[in-house]
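Open the model in your viewer and keep the selection panel at hand.

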Amino acid sequence: MLSVSLAGAKLQNPTVLASGVLGTTGASLIRVAKEGAGAVTTKSISLEARKGHPTPVITTFDAGMINAVGLSNPGIKDFLPELEAAVKGSPSPVIASIFASTIEEFGELAKEVSQAKPSLIELNISCPNVNDEFGRPFACDAVSSSEVVKAAKKGTAIPLFVKLSPNVANIGAIAQAVEKAGADGITAINTVGPGMQINIEAAMPVLTNKVGGVSGPAIKPVAVRCVYDIYKATKLPIIGTGGVTNARDAIEMVMAGATAVGIGSAVYYGGVEVFSEIPKGMREFMESEGYSKIEKMRGIAHEE
Amino acid sequence: MRNDEFIVMPIAQTKDETKTSRTFFFDYNLNSKPGQFVMLWLPGVGEKPISVSGEKEGRFSVTVCAVGPVSKAICELKKGDKLGFRGPFGTHYSIPKDVESIAVVGGGYGSAPLAYLCEHAIAQGKKAYFIEGARDSAHLLFAKRMEDAGAEVLLATDDGSEGVKGFPTDLLKDALKAHKIDRVFSCGPEIMMKKVAEISAHFNVSSEVSMERYMKCGIGVCGQCAVDELGICLCKEGPVISGKTALSLKEFGNYFRDSSGKKIEYNSRRV
């Protein structure tokens with residue numbers, strides 16, 4: 001009823017652990033998969049180790065959170081054994097998220113990370129920390145986005161998902177560009193903003209980095225609209241991500257056109273249990289509304 | 001919807017504990033339990049996870065040891081200066097009703113949550129053995145506070161300048177032989193805690209340890225403090241875990257991860 005396929009990867013249910021939440025180690029990925037996630041995505045990996053920004057790197061507000069973790073990771077060499085352990089021990093498909101600061105490096109990393117045989121590779125071209133030569137994320141420009149996809153394709157035969165930024169004028173056009181360049185799917189969206197929180201007693205921004213990506217319930221309407229636009233613009237499967245905290249939100253994403261649903265900040269509100277609770281709630285909704293399988297709901301909101 | 005924003009307020013009082021550590025009191029009802037921690041934020045400088053070292057009657061405290069740039073800057077603060085915190089976070093030490101007497105084993109500034117725990121236990125009418133180890137007498141924390149609270153205080157120093165010359169784990173062994181102790185709690189260097197868990201298991205006494213890892217978010221999201229091989233986050237499913245769980249962890253007493261996630265082996269240190 002809930003099983004879906006993402007470019008050949010079989011998911012028991014549509015929930016996907018989003019990159020950047022947990023997923024730092026092999027054991028962490030396996031743990032989330034065992035809690036019921038349909039697929040798990042690693043924290044984004046780069047060629048070299050990165051310590052990330054100085055703390056505070058995460059803060060919360062009434063409708064979400066703001067983070068500037070700064071893409072900390074041990075680098076591909078130290079992460080490969082973790083990824084191999086995850087691929088071996090996880091009951092669900094593992095998606096390897098990678099990011100680089102140049103187009104060439106994306107190709108190199110795609111090749112490196114493929115050694116561990118993840119089911120999919122996600123190209124993180126949309127984090128505020130991943131900039132092109134003009135200081136913007138690659139995802140803000142259709143040409144740069146396509147170049148990254150082409151470079152990564154040369155490095156690997158594993159299907160590629162591209163994680164897009166909502167902070168663009170026309171996300172549908174970017175989606176079309178990466179589809180043309182050979183992408184196998186799209187993850188949307190990355191965090192919104194960046195945003196800022198000022199503590200008024202301290203009279204200064206809370207994050208040491210001052211600004212950070214906004215996630216959580218506050219961004220869900222933006223995410224749903226982006227998924228809707230991408231579904232209309234391309235034929236690619238979409239991992240709809242952004243502010244999904246419960247089964248109703250997940251259904252909404254599917255109706256906008258998502259094949260699978262990314263879950264990140266919800267771990268803050270509901271713990272890792274959300275990965276078993278959301279599929280359960282989805283099943284209940286489908287039974288009561290008479291949907292026999294998830295495909296019946298996918299993109300249904302587009303019907304006139 | 002849940003929200004863990006910082007609360008920034010003036011320090012109500014400070015107390016120097018040793019040459020390098022200072023306790024900060026806040027007039028705020030944190031509703032903490034012994035073993036839990038807060039993320040302490042000095043605006044403009046940085047943030048650190050710190051155990052709550054006491055709470056009663058609308059006032060809680062944290063005890064900070066000046067070791068890195070952030071904790072050193074915090075230790076310069078005086079009464080009335082502003083400091084931020086969010087929390088309390090994490091699991092806490094647990095004392096089941098049928099437990100009549102406890103022993104706590106602290107090393108270095110690990111004694112902070114244990115002093116809070118002993119006060120809590122004594123208030124419930126339980127007997128408490130407060131075992132503490134430090135380099136020398138100048139580095140001992142809370143011995144006087146624990147005597148005043150009515151705990152049995154047992155001290156060990158590396159140089160014998162106070163208490164016995166030796167290790168707190170030896171004092172624990174002696175205490176378990178000589179007295180009826182129902183539960184053991186520990187916080188401090190990991191190699192010491194590993195010994196505490198092993199000794200307690202040997203005497204068939206349940207134990208709990210407070211296991212620390214590099215923490216960033218404090219709310220179980222960023223995954224920085226996930227431990228092998230359970231994959232649990234110690235900021236949420238720890239820091240307090242049973243000695244049995246700790247001994248089952250591959251990395252307990254062996255290695256930890258730095259802020260990038262790289263594994264770092266513990267040096268083999270004597271405790």
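Begin between chain A and chain B, where 19 residue pairs are in polar contact, both partners at pLDDT 80 or more. Keep in mind that this is a predicted model.

Next, colour the elements on the chain A side. Those that give two or more residues to the side touching chain B are α1 (26-34), β5 (58-61), α2 (76-89), β13 (204-205) and α8 (266-270) of chain A. By class, that side of chain A divides into 18 nonpolar, eleven polar and eight charged residues.

Now the charges. Four salt bridges are counted between chain A and chain B. For one of them, select A:Asp78 and B:Lys262: their side chains meet at 3.2 Å, N to O.

Chain A brings 37 residues and chain B brings 39 residues. About 3,200 Å² is buried between the two chains, and carbon and sulfur atoms give 55% of that area.

Last stop: the second largest pocket, with a volume of about 630 Å³. Which residues lie nearest its centre? Select A:Ser19, A:Gly20, A:Asn67, A:Asn190 and A:Thr191, from a lining of 42 residues. β14(A) gives the most, with three residues. Colour the lining by class to finish: 18 residues are nonpolar, 21 polar and three charged.

Notes: Residues numbered from 1 in each chain as written. Chains lettered and ligands numbered in written order. Predicted model: local features only at pLDDT ≥ 70, side-chain atom pairs only at ≥ 80, totals over all residues. Heavy atoms only, no water. 1 Å grid on protein atoms, 1.4 Å probe; cavity = no way out; pocket = protein on both sides within 12 Å on 5 of 7 lines; lining within 4 Å. Points joined across faces, edges and corners; volume = space filled by probe spheres on them. Helix = DSSP H or I, 4+ residues; strand = E, 2+ residues; numbered from the N terminus. Nonpolar A, V, L, I, M, F, W, Y, C, P; charged D, E, K, R; others polar. Contact = heavy atoms within 4.5 Å. Buried area = accessible area lost by both parts, 1.4 Å probe. Polar contact = N/O pair within 3.5 Å; in protein donor to acceptor, adjacent residues only side chain to side chain.
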